[in-house]
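I opened the model today to look up a few backbone angles, a sheet, a helix and the nonpolar cores. My entries follow in the order I made them.

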Amino acid sequence: MAKKRILVADDEKSIVTLLESFLKEEGYAFDSASSGEEALKKVKAQPPDLLLVDIYMPPGVDGLEVIKRLQADEVSVPVIVFTAQGTSQMAIEAMQLGAYDYIPKPFDLDELALTIKRLFEHQALKDEVHELKEQLRFDPSDRMIGRSPVMLEIFKTVGRVARSDATVLIMGETGTGKELIAEQIHRASNRRGGPMIRVACATLPETLLESELFGHEKGSFTSAIAQRKGRFELAHKGTIFLDEIGEMTLSTQRKLLRVLQEREFERVGGSIPIKVDVRVIAATNKWLPDEVAKGNFREDLYYRLNVVTIEMPPLRERRHEDANLDDVRNLVFHFLDKHRFQGAPTPSRISEEALERVLEHDFPGNVRELENLIQRAVVMSQGELIMPQHIVFSHAAVAGSTAGPVDIEASLRRGQSLSSLLGGVERRAVQFAVQECNGDREAASRFLGIDRSELDDRLRRFDLEGGGEADAAGH
């Protein structure tokens, strides 16, 4: 731990020499100023952990004036004042201005050491209370439902990185909550008073994306009838969220790299560099190291973005044997409460059989798919008890659930159990085999090297009975 630095401002050389020897012996870093003017310059150049200042330093700026000017300039430094006889009124005024304590001259060194120690202990406690208040105020779990171990780790990471200005890269499948995490980082950051500007990179063509990001000058292209600020300018002193950054063209990536490196850019059609103070959070549903290897994403930009990486787990990896820690179950009840039927005073209820059907599903569309499923079930049941027949999975969700590789190492690092991981792989293998064989269960069982009865058992267990429609129709 770095030594606490104490600046002593006193016009008596003997006092300064005495305190230098004493404070260094006590383990503090020491600096001095012989006048109020010099003290102000040193504090503004490099604020100390504590300022010890003599309240009376004629003929220039005295200790009281030093405190007033620091307050006016919004420079926050703990202050202890020295007072001589006849200056008690000034000492009281110094305390009213925010000085931590005053010590009369001639002072007792042991008393001074105790006062300094007490001040630093008080400061540490104050900082700790402030940090706890911030954590309570901006607890990510307030807005995001997640009790599983893997999500608690995500929330801890958000808490650690939010207060810094580090660039954050959020990777994860579609529907896992990447934008919500970005919002939580902004809300818990020192930039929360500034704007959070979102850019949907996947929905804009390259020509429009560049203009959206950096703005344009009047007449820079046919429809540019006026100057327009870009998203980076609008996000000044705040956060810019680049959603689906993996969809950017290499040309736009090059321009973004410059902004990250130099924190400046020119508007389209302009030549004047514009400086910005912006925190960048990017998200993608692509695995960027693979995109770099394929030449689709710049390696230098990837490393610029990859200061802090948050890997959002898919919903299938947020299950838990303990019902209280199972995020799928918790999300079901959260969405029942959120999507009440026609503004009903109480949420819809779900039967055990219907809940079991939900819990057995793989949710390739992740949280977004689950929310749509529950909202649809509430409507289909007309706000009454939700039964299994009200749980209707979309064809796109079922058909798409075998796509994408399983990252075993990442899954285990995120806390997914071996049984859950193997169950997910087995489910996807069974589903793929049935799809590959056009619903012919006999062919699918041979494809997998298992008996037909074993296949039927797995189809029931994994809630994939719909995969056998072609087989039923053909026999």
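I looked for K237 and found it in the loop between α9 (231-234) and β8. The model is predicted. K237 has a positive phi of about 70°, although it is not a glycine. I noted this because most residues other than glycine have a negative phi. Is K237 buried, exposed or partly exposed? Its relative accessibility is 49%, so I put K237 down as partly exposed; the cut-off for exposed is over 50%.

I then looked up N366, which has a positive phi near 60° and is not a glycine either. N366 belongs to helix α15 (residues 366-380). At 0% relative accessibility, N366 counts as buried.

Next I checked a peptide bond. The bond joining K105 and P106 is cis, with omega at about -10°. Most peptide bonds are trans. I placed P106 in the loop between β5 (101-104) and α5 (109-137).

I turned to the sheet. It is open and has 5 strands in the order β7-β8-β11-β6-β12, with parallel pairing. Why is one side of β7 and of β12 (308-311) left without a neighbour in the sheet? Both strands stand at the edges, and each has a single partner strand, so one side of each has no neighbour there. From one strand to the next, the twist averages 15°. I counted 5 bridges between β7 and β8, which run parallel. I197 has I240 as its bridge partner in β8. Helix α6 (residues 149-161) packs on the sheet and touches β6, β11 and β12; its direction makes about 160° with that of β12.

Then I went to the cores. The largest nonpolar core has 29 residues, and I240 and L305 are among those with the most contacts inside it. Elements that each supply at least two residues of this core include β8 (239-243), α10 (250-262) and α12 (299-305). The largest share, 4 residues, comes from α10. Leaving out residues up to four places away in sequence, I listed what L305 touches, including V168, L260, V280 and F297. Another core, of 22 residues, lies apart from the largest one, and V332, L359, I386 and I391 are among its members.

Last, I checked the length of helix α18 (residues 418-436). At 1.5 Å a residue, its 19 residues should span 27 Å; the end C-alpha atoms are 27 Å apart, so the two agree. Its buried residues include L421, R427, R428 and V434. Just after α18, N438 takes a positive phi of about 55°.

Terms used:
Residues are numbered from 1 along each chain as its sequence is written. This is a predicted model: local features need pLDDT of at least 70, side-chain atom pairs count only at pLDDT 80 or more; totals for chains, interfaces and linings use all residues. Side-chain values use heavy atoms; hydrogens and water are left out. A nonpolar core is a set of buried Ala, Val, Leu, Ile, Met, Phe, Trp, Tyr and Cys residues joined through side-chain atoms within 4.5 Å. Buried means under 20% relative accessible area, exposed over 50%, partly exposed in between (1.4 Å probe, protein chains only). Contact means heavy atoms within 4.5 Å. Two strands pair if DSSP finds at least two bridges between them. Axes are lines fitted to C-alpha atoms, for helices over the stretch in contact, and angles run from 0 to 180 degrees between N-to-C directions. The expected span of a helix is 1.5 Å times one less than its number of residues.
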